[in-house]
Amino acid sequence: MEPELAAKPLDLRARILRLAWPAIVENLLHTMVGIVDTAMVGRLGAAALAAVGLGNQINHLGLTVFSALATGSTALVARYIGAEQPERARDVARQSLVLGLFVSGTVMLTFLTAARALLGFLFRRAETVVLDSAALYVRIVALAMILNYFLIVINAALRGAGDTKTPMQITALVNLINVIGNAVFIYGLGPVPALGVAGAALGTAIAQALGGVMALRVLFRSDVLQVRWGDSFRPDLEIIHRIAKIGVPAGVEQGTLRIGQLFYTMIVSSLGTVSYAAHQVALNAESLSFMPGAGFAVAATTLVGQNLGAGRPEDAERAGRISRNLGILVMASMGLVFFLIPGPIVRIFSQDPEVVSLAVICLRLVAIAQPSLAVWMILAGGLRGAGDTRAIMKMVLVSFLGVRVVLAYVLALRLGMGLIGAWIGMVADLFLRSLLIQWRFNRGEWKFVKV
């Protein structure tokens, strides 16, 4: 698209779909890593399922930091590509690796040494056997933390440059490796003993590590970003500061989400193993709808950033609006499926009658919030592409902590509504966040954020 020409709506729609479909497939494959773990471990019983769920709550704290840095990388790379300054985009990609090596190493050491203490502090009411298994899961996955960071941030930089197909291909291979690893290590194959929860962690760690190696190989061969082994990898404080300027608010936002999710999970886990297992099953079932939302959010992030870099704010706004509308259409359709036939979807993850019965009700509840979730995910993606991460951070602070966690506590524990009350709190949070993000997008202040 030529810098001096304003994009027509049909041109933008075609570009959005071209960027979104590989991202949707990538998110499908990425989600499948968690789904495969849950489905395979679910065959071992509710305790094993709960252990993997709690372990992933801790792992997601580390991913919060990585996602923050990736947000800064995506936004800056997109701006520089739009402004036709590929050498500056290369500098951002290189400095993201430098910064992340230190950050991911610190997270890895923390999880290796303090996994059990963290789990015991956060989930005091969980059964000891569940906490011990979850701690083992966290430690094994942490071994691949540095390479998993490289996988996340390199894919983010490639998306900012407009390449969503390569991350999709890497994620496809990661998913395949994970499935094979799970089959071998969870249940045992040939001379390999059945390792259960530890096997799920080992399969995931191997898949993530190999994914990181593949991503590095792609980066150093990229014709767009042009990072080379002979480049200088000395820290550049000016670029690191610019990554952090976008990434820190994104990190606070994601950290708030994770901390809020931990409080939320503490509430749910206190309801008993069956309730928590049903919660995990319903979350995994609902995660199928995240894929189109995340795909259109990637398209919004890339096109908003590139159009702002090229000096076309109106095209940036149109890209965000069209991405949102397409996402609503797809996710509302998936919500209808969740509402009408939740049973077969839930049974993919568990055959326990009590777990299935409770998860079906939760999935029907969240089905009505799918259009709101689409608005939040996609417009937040657009604002991240603009570097307007502070506004997103404030919305999460207000809505997730002030609505989801508080309502879950009141409804689930104080009023005795159990897991259903906790999920009502989730639905209320999604409705509020969609209203807030739409209001911010309509005001247009994000078009003038300096990155």
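The questions below go through loops, helix packing, a surface patch and charged pairs.

Guide: This is a predicted model, in which local features need pLDDT of at least 70 and side-chain atom pairs pLDDT 80 or more, while totals for chains, interfaces and linings use all residues. Residues are numbered from 1 along each chain as its sequence is written, and side-chain values use heavy atoms, without hydrogens and water.

Visitor: Where is Glu84, and is Glu84 buried or exposed?
Guide: Glu84 sits in the loop between helix H2 (46-82) and helix H3 (86-122). Helices here are DSSP runs (H or I, at least four residues; strands are E, at least two), numbered from the N terminus. Buried means under 20% relative accessible area, exposed over 50%, and partly exposed in between, with a 1.4 Å probe and protein chains only. Glu84 has 56%, so Glu84 is exposed.

Visitor: What is the phi of Glu84?
Guide: Glu84 is not a glycine. Even so, its phi is positive, at about 60°.

Visitor: How do H9 and H13 run relative to each other: roughly parallel or roughly antiparallel?
Guide: Helix H9 (residues 273-309) packs with helix H13 (residues 370-386) at about 30°, and their axes are 7 Å apart. Axes are lines fitted to C-alpha atoms, for helices over the stretch in contact, and angles run from 0 to 180 degrees between N-to-C directions. Angles under 35 degrees count as roughly parallel, over 145 as roughly antiparallel, 65 to 115 as roughly perpendicular and the rest as oblique. The two helices H9 and H13 are therefore roughly parallel.

Visitor: Which helix gives the most to the nonpolar patch?
Guide: The patch covers about 650 Å² and is made by Leu336, Val337, Phe339, Leu340, Ile341, Ile368 and Phe431. Patch residues have over 30% relative accessible area and no salt bridge; nonpolar side chains (Val, Leu, Ile, Met, Phe, Trp, Tyr) are joined within 5 Å, like charges within 9 Å. Accessible areas come from the Shrake-Rupley method with a 1.4 Å probe, and for residues only the protein chains shown count as cover. With 4 residues, the top contributor is helix H10 (residues 313-340).

Visitor: Is Ile341 buried or partly exposed?
Guide: Ile341 lies in the loop between H10 and helix H11 (342-346). Its relative accessibility is 47%, so Ile341 is partly exposed.

Visitor: How many salt bridges are there?
Guide: Side chains of opposite charge can pair when their charged atoms come close. A salt bridge is a side-chain nitrogen of Lys or Arg within 4 Å of a carboxyl oxygen of Asp or Glu. By this rule the count is 17.

Visitor: How many residues apart in sequence are the parts tied together by Glu238 and Arg88?
Guide: Glu238 and Arg88 form a salt bridge, with N to O at 3.5 Å. Glu238 is in helix H8 (residues 237-269) and Arg88 in helix H3, so the parts they tie together are apart in sequence by 150 residues.

Visitor: Which residue forms a salt bridge with Glu314?
Guide: Glu314 is partly exposed, at 43% relative accessible area. The closest N and O atoms of the pair are 3.5 Å apart, and the partner is Lys447.

Visitor: What separates the C-alpha atoms of Asp352 and Arg43?
Guide: Asp352 is in the loop between H11 and helix H12 (353-367). Asp352 and Arg43 are 309 residues apart along the chain, yet their C-alpha atoms are separated by 9.5 Å.
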